[in-house]
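Hi,

Here is the structure I promised to pass on.

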Amino acid sequence: MRILFALLLSAGSAAASSCPQPPDHSEALDRLFDRIQRAPDPATAQTISNDMWGYWTDAPDDTAQEILNRGMRKRAGWDLLGAQKDFDALVAYCPEYAEGYNQRAFVNFLAQDFEAALPDLQRALELSPRHVGAHSGLALTLIGLGREAAAQDALAAALELNPWLPERSLYKSAAPKSAPGKEL
């Protein structure tokens with residue numbers, strides 16, 4: 001496997017053509033989004049959210065899955081440079097797989113390199129518009145950049161998909177333009 005990984009790193013864009021399309025889990029995710037909207041409590045919603053992550057982290061093939069899993073283990077162990085290299089390789093190998101970008105953004109977020117995280121989050125959302133993790137990551141990244149209004153928009157989009165997100169406490173709902181019953 002090390003030989004294959006080395007070939008992937010050296011092959012660059014040629015390797016990207018050998019990565020299959022990411023699996024289409026849209027129907028299963030539709031059902032999960034419906035369930036999370038009706039979840040009665042945070043614990044139920046968390047179980048449903050975990051199921052969603054199972055689909056988002058289902059890589060296009062075994063090679064991509066191995067790179068993703070290794071990068072996530074390194075990130076969990078705070079080997080951010082090692083994780084960054086793995087996610088760079090994953091994005092190079094599978095440029096149409098949203099989770100590679102999302103995980104690389106997460107590593108940059110943890111390193112407080114918010115500027116570097118932003119384009120990866122945007123790309124993840126282009127590829128997977130309902131990726132709640134990328135939406136909430138975008139909100140947190142924008143907060144880190146001091147872009148509060150944009151962060152609130154991103155958080156609103158995330159909460160529209162999953163109203164039980166832990167980040168919901170950061171959302172500041174828009175104040176009414178006038179008090180009820182008062183003329184302008």
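This is a predicted model: local features need pLDDT of at least 70, side-chain atom pairs count only at pLDDT 80 or more; totals for chains, interfaces and linings use all residues.

Below is what turned up on pockets and helix packing.

Residues are numbered from 1 along each chain as its sequence is written, and side-chain values use heavy atoms, with hydrogens and water left out.

**Pockets**

A pocket here is an open set of points on a 1 Å grid over the protein atoms alone, where a 1.4 Å probe fits, with protein on both sides within 12 Å along at least five of seven lines; lining residues have an atom within 4 Å of a point. Volume is the space filled by probe spheres set on the points, which are joined across faces, edges and corners.

The largest pocket comes out at about 490 Å³. Its lining has 28 residues, and Trp53, Gly133, Ser136, Gly137 and Glu167 sit nearest the centre. Two or more lining residues come from each of α4 (42-56), α5 (62-76), α7 (98-110) and α9 (132-144), with α4 giving the largest share, eight residues. (Helices are DSSP runs of H or I, at least four residues, numbered from the N terminus.) By class, that lining is 15 nonpolar, 11 polar and two charged; Ala, Val, Leu, Ile, Met, Phe, Trp, Tyr, Cys and Pro count as nonpolar, Asp, Glu, Lys and Arg as charged, and the others, Gly among them, as polar.

The second largest pocket has a volume of about 400 Å³. Of its 20 lining residues, Pro23, His25, Leu29, Leu127 and Ser128 lie nearest the centre. α3 (26-37) contributes the most, three residues, and the lining splits into 10 nonpolar, five polar and five charged.

**Helix pairs**

The axes of α6 (80-93) and α7 come within 9 Å and cross at roughly 155° (axes are lines fitted to C-alpha atoms over the stretch in contact, with angles from 0 to 180 degrees between N-to-C directions). The two are therefore roughly antiparallel, a label for angles over 145 degrees.

α9 and α10 (148-161) pack at about 160°, their axes 8 Å apart, which makes this pair roughly antiparallel. In the contact (heavy atoms within 4.5 Å), residues of α9 including Leu138, Ala139 and Leu142 meet residues of α10, among them Ala151, Ala154 and Leu155. That contact has 12 nonpolar, two polar and one charged residues.

Cheers

Methods:
Angles under 35 degrees count as roughly parallel, over 145 as roughly antiparallel, 65 to 115 as roughly perpendicular and the rest as oblique.
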